Protein chains: 2
Amino acid sequence: MTDNSKALPLVELSEQFARLPGIGMKSAERLAYHVMNMSDNEVRAFADALVKARTEIHCCNVCQNLTDKELCPICSDPKRDNSIICVVESPKDITAFERTREYKGSYHVLHGLISPIDNITPDKLKIKELLARVNDETEEVIMATNPTVEGEATAMYISKLIKPLGVKVTRLAFGMPVGGTLEYTDEVTLYKALENRNEI
Amino acid sequence: MTDNSKALPLVELSEQFARLPGIGMKSAERLAYHVMNMSDNEVRAFADALVKARTEIHCCNVCQNLTDKELCPICSDPKRDNSIICVVESPKDITAFERTREYKGSYHVLHGLISPIDNITPDKLKIKELLARVNDETEEVIMATNPTVEGEATAMYISKLIKPLGVKVTRLAFGMPVGGTLEYTDEVTLYKALENRNEI
């Protein structure tokens, strides 16, 4: 339906917002109208942030995390332990681990998971870059992909490539989430929690 | 919390997204990461749409609807009946009326509602512009503000200014929403529906 009541630049902006994930046409319109109430400077700052993020950010030469430098802040931090590599699906996952403030090793971002149904084969992920990093100084590779079918498959695939190099490969523990209740825990998680029970 | 794992331009972009209404820090981050997966051209088109919408769009000289021309498409349409003016709170409301495909009159956008608690006094709305439009050819002014306290107050305030000019002022009908059920209709709406009952 063409809506003649609206100015074209506003329709275009709504459509741009609607292309973002999780934003429907209705929300997109609301956002576009919000932009009309922003100051010129605010809008320009937003537009600049978009272009700047896209043009200045690329993958870290070592760990493939997103960065605006040659090396990401974690790879260039001399205090981090490079003998441990935590392999994750996306840069967002690094943020989650950093929030724990406990992990002091390095990361490796795969930028996806193996998923033949979506035509994502191992060669489309940053697996060669990971193998190139694993050397005599590497003590452990932690497979920290999500506990989904794709996450498990990717963890298995990579572990089979790394184990022959004589490096320990580990997987995140599965179990009850802290603060969770038995009643609302799904049976697979509960089975994992039982299987991996620890002596107290 | 400063998160050193993320590149600065990405943090900035997340913050820009988080300033939009209805987008929290978590969604903003997700959107920023999505931008990383867009092509350069797509990002530039988005940034351009933002700036273009902000710089090219202003209020229609007559009805105060948002437009990129001197007159909005409705005011410049010779088929529209300018003797009827439908007064609405925001440009979004025009879209809602146009969707009915029934209304053929003109509009007037107030760009807000009188709300002393938010420091929105009548002089901050486009009321003088409305009064300047009302002339001998005007037959009816429809007060189509929302049925809220502010919407009612604004409708009453404006009707008191226009009635002395000898112009008919009407208000949208309130009643049961089409497809609604008595069980889930609030008592005020039900009272209005009863009060405004029509013979069949």
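Q: Why are α3(A) and α3(B) called roughly antiparallel?
A: In this predicted model, helix α3 (residues 40-56) of chain A and helix α3 (residues 40-56) of chain B pack at an angle of about 175 degrees, with axes 9 Å apart. Angles over 145 degrees count as roughly antiparallel, under 35 as roughly parallel, 65 to 115 as roughly perpendicular and the rest as oblique, so α3(A) and α3(B) are roughly antiparallel. Axes are lines fitted to C-alpha atoms, for helices over the stretch in contact, and angles run from 0 to 180 degrees between N-to-C directions.

Q: Which residues of α3(A) and α3(B) meet?
A: Among them are A:F46, A:L50 and A:R54 in α3(A), and B:F46, B:L50 and B:R54 in α3(B); contact means heavy atoms within 4.5 Å. The residues of this contact divide into 10 nonpolar, 2 polar and 6 charged.

Q: What makes α4(A) oblique to α2(B)?
A: The axes of helix α4 (residues 91-100) of chain A and helix α2 (residues 25-36) of chain B cross at roughly 140 degrees and come within 10 Å. That angle makes α4(A) oblique to α2(B). Here A:P91, A:K92, A:T95 and A:R99 meet B:K26, B:R30 and B:Y33, and by class the contact has 2 nonpolar, 1 polar and 4 charged residues.

Q: Why does the pair of B:E12 and A:K52 join two chains?
A: The side chains of B:E12 and A:K52 meet in a salt bridge at 3.9 Å, N to O. The rule asks for a side-chain nitrogen of Lys or Arg within 4 Å of a carboxyl oxygen of Asp or Glu. B:E12 lies in helix α1 (residues 8-18) of chain B and A:K52 in helix α3 of chain A, so the pair joins two chains. Over all chains, the count comes to 10 salt bridges.

Q: Which residues does A:I84 touch, not counting residues up to four places away in sequence?
A: A:I84, in strand β3 (residues 81-88) of chain A, touches A:Y103, A:G105, A:S106, A:E140 and A:I142.

Q: How are residues and chains labelled?
A: Residues are numbered from 1 along each chain as its sequence is written, and chains are lettered from A in the order in which they are written. Side-chain values use heavy atoms, with hydrogens and water left out, and side-chain atom pairs count only at pLDDT 80 or more.

Terms used: This is a predicted model: local features need pLDDT of at least 70, side-chain atom pairs count only at pLDDT 80 or more; totals for chains, interfaces and linings use all residues. Helices (H or I, at least four residues) and strands (E, at least two) are DSSP runs, numbered from the N terminus. Ala, Val, Leu, Ile, Met, Phe, Trp, Tyr, Cys and Pro count as nonpolar, Asp, Glu, Lys and Arg as charged, and the others, Gly among them, as polar.
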